[in-house]
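Reader: Can you walk me through this one? I'd like to start with the aromatic rings.

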Amino acid sequence: MKKTLKLISLIMAVIMLVQIPIMANAAFDAPILSRDEWDELYEDYCDENTLPMLCVGADEKSVSLVWHADKDKAQPKVRLAKNKSVNDYTEYTGVTTEAENDEQVICRVTVDGLEENTIYYYKWYSDNGWSKAYKYETKSFTDHKALIVGDIQIGGQSEESSVQSDVGYNWNNVLAKALQDNPDVSYLVSPGDNTSTGKTADEWQTLLMPAGVRSLPMALAIGNHDKKGMAYNYFTNMPNEYYGKYFEGLDRDFWFRYGDVLYLVFDACSASAADHMAMAKEAVEKNPDAKWRIGVMHQALFGPAFCAFSGETQILLNAVFTPIFDTFDVDLVLTGHSHIQGRSNFMYESMTIGAAKSGETYKNPLGTVYLNTNAFCDHESFEEYEFLNLPYVAYSFGKNDVTTYTTLEFKGDTMEIKTMRGDNSELLDSLTIEKTKDDHNDDGILKKLHRLLYKVVEVLGWVY
């Protein structure tokens with residue numbers, strides 16, 4: 001009996017030793033919560049607005065933070081170190097700007113000089129002094145993975161706090177599951193509708209409650225729900241924001257670069273074609289060596305479901321954005337809005353020019369793939385759209401009661417797109433694009449003709 005107990009103890013010790021390095025290398029503190037645990041967390045934070053947001057930087061060597069602070073106590077400072085006690089730190093100082101209320105200001109700080117494959121700990125100066133230390137782990141600056149989710153839409157289609165909490169609970173647990181199964185993710189991209197009303201601080205507070213977002217830089221596009229108010233202006237700190245000549249109010253685009261990937265993030269709720277084209281041109285000219293170009297916008301140009309019948313999307317926004325994506329040889333466009341997960345074939349000039357079958361690899365393909373995300377908030381059934389025979393749709397997932405997420409993995413010459421169920425990470429769809437030659441001929445005759453003809457669209461957009 002004693003020998004048996006010793007053997008069992010030895011086996012358990014070996015198992016624990018094997019598990020320790022796995023746990024130690026976990027990139028995110030992102031627990032899946034029970035409903036009671038979430039309710040307790042929500043109750044603790046729902047009446048505040050001081051949680052920080054970690055945002056992507058202009059490149060892979062930087063990130064930024066933004067938070068609300070008491071006007072009399074605010075210090076826009078962040079400390080960064082390679083040890084949990086955050087001693088021997090580097091201190092970064094940012095700026096304060098006006099908040100949406102008279103009692104607070106907005107603190108914005110950018111942290112730069114980051115090294116790849118390094119564990120950092122950071123603190124920000126809160127109303128109660130220096131916060132506790134949070135971990136931020138950089139990954140490879142070349143081969144890396146991005147997490148894509150859309151229409152988080154905290155608040156859902158209601159302003160009731162119970163609905164807001166429900167959506168927050170789903171957001172926390174899908175995000176936690178995605179990060180647990182993909183600990184090598186470097187950043188998150190959302191094609192918009194991050195909140196419901198676009199007006200209230202409590203929606204953003206709920207968006208920032210999951211522990212995982214403290215270690216995950218986010219790039220959030222503006223959606224039509226965000227555009228209902230000005231709250232986005234006070235809770236984000238996106239890089240290279242482009243305000244253009246004709247944008248008004250909340251309008252702005254932005255771009256950022258991570259490794260060989262250039263992201264062009266558009267405010268598709270603005271029809272200012274001239275500004276969108278100018279932002280894309282500026283970003284591309286400053287990053288001519290980027291292997292991959294990815295567009296991000298809210299409305300689903302070539303997604304499944306009702307956007308196919310929307311005049312605003314298929315006529316106005318199609319005319320504004322597809323020439324930009326075609327002109328600059330954008331490889332992938334991330335969209336949302338319709339709350340239906342789907343993916344297009346390879347598109348050029350609004351036509352299918354090549355199949356993009358799930359599970360296949362395509363080498364140096366022509367055209368752009370459009371990936372549409374579903375929603376955390378809205379679990380109404382749109383199953384009737386699953387059966388529409390839309391010629392450009394290569395894959396659709398009509399079960400809207402299941403939230404999904406997508407990863408983009410960049411490795412060498414390939415970009416692998418995978419979409420998973422949010423509850424169990426079951427693989428639903430995949431596509432790999434291999435690029436072995438530079439296909440970005442931005443100064444070709446056809447591209448110059450595109451830009452010339454686009455002047456008509458710019459005028460019409462300005463009139464609109």
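Reader: Which residues do ring pairs link into a cluster?

Author: Phe-266, Phe-302, Phe-321, Phe-325, Tyr-370 and Tyr-392. Rings of Phe, Tyr and Trp (its six-membered ring) pair if their centres lie within 6.5 Å. Planes under 30 degrees apart count as stacked, over 60 as edge-to-face, and the rest as tilted.

Reader: What should I know about the model itself?

Author: This is a predicted model, where local features need pLDDT of at least 70, side-chain atom pairs count only at pLDDT 80 or more, and totals for chains, interfaces and linings use all residues. Residues are numbered from 1 along each chain as its sequence is written, and side-chain values use heavy atoms, leaving out hydrogens and water.

Reader: How many aromatic pairs are there?

Author: The count comes to 21 by this rule. In one of them, the ring centres of Phe-302 and Tyr-370 are 4.8 Å apart. Their planes are at 75 degrees, so the pair is edge-to-face.

Reader: Where do those two sit in the chain?

Author: In distant parts, 68 residues apart. Phe-302 is in the loop between strand 15 (292-296) and helix 7 (311-327). Tyr-370 is in strand 21 (residues 369-372). Helices (H or I, at least four residues) and strands (E, at least two) are DSSP runs, numbered from the N terminus.

Reader: Is Phe-302 buried or exposed?

Author: Phe-302 is buried, because its relative accessible area is 3%. Tyr-370 is buried too, at 2%. Buried means under 20% relative accessible area, exposed over 50%, and partly exposed in between (1.4 Å probe, protein chains only).

Reader: OK, new topic. How many residues has the largest nonpolar core?

Author: It has 77 residues. A nonpolar core is a set of buried Ala, Val, Leu, Ile, Met, Phe, Trp, Tyr and Cys residues joined through side-chain atoms within 4.5 Å. Leu-147, Trp-171, Tyr-263 and Leu-408 have the most contacts inside this core.

Reader: Which helix gives the largest share?

Author: Helix 3 (residues 161-181), with seven residues. There is also a second, separate core of 32 residues, and Tyr-370 is included in it.

Reader: And what does Leu-147 touch?

Author: Beyond its neighbours within four places in sequence, its contacts (heavy atoms within 4.5 Å) include Leu-175, Val-185, Leu-216 and Tyr-405.

Reader: Last one. Where is Ser-64?

Author: Ser-64 is in strand 2 (residues 63-70). Ser-64 is buried, because its relative accessible area is 2%. A polar atom of its side chain lies 3.0 Å from the backbone oxygen of Asn-237.

Methods: Polar contact = N/O pair within 3.5 Å; in protein donor to acceptor, adjacent residues only side chain to side chain.
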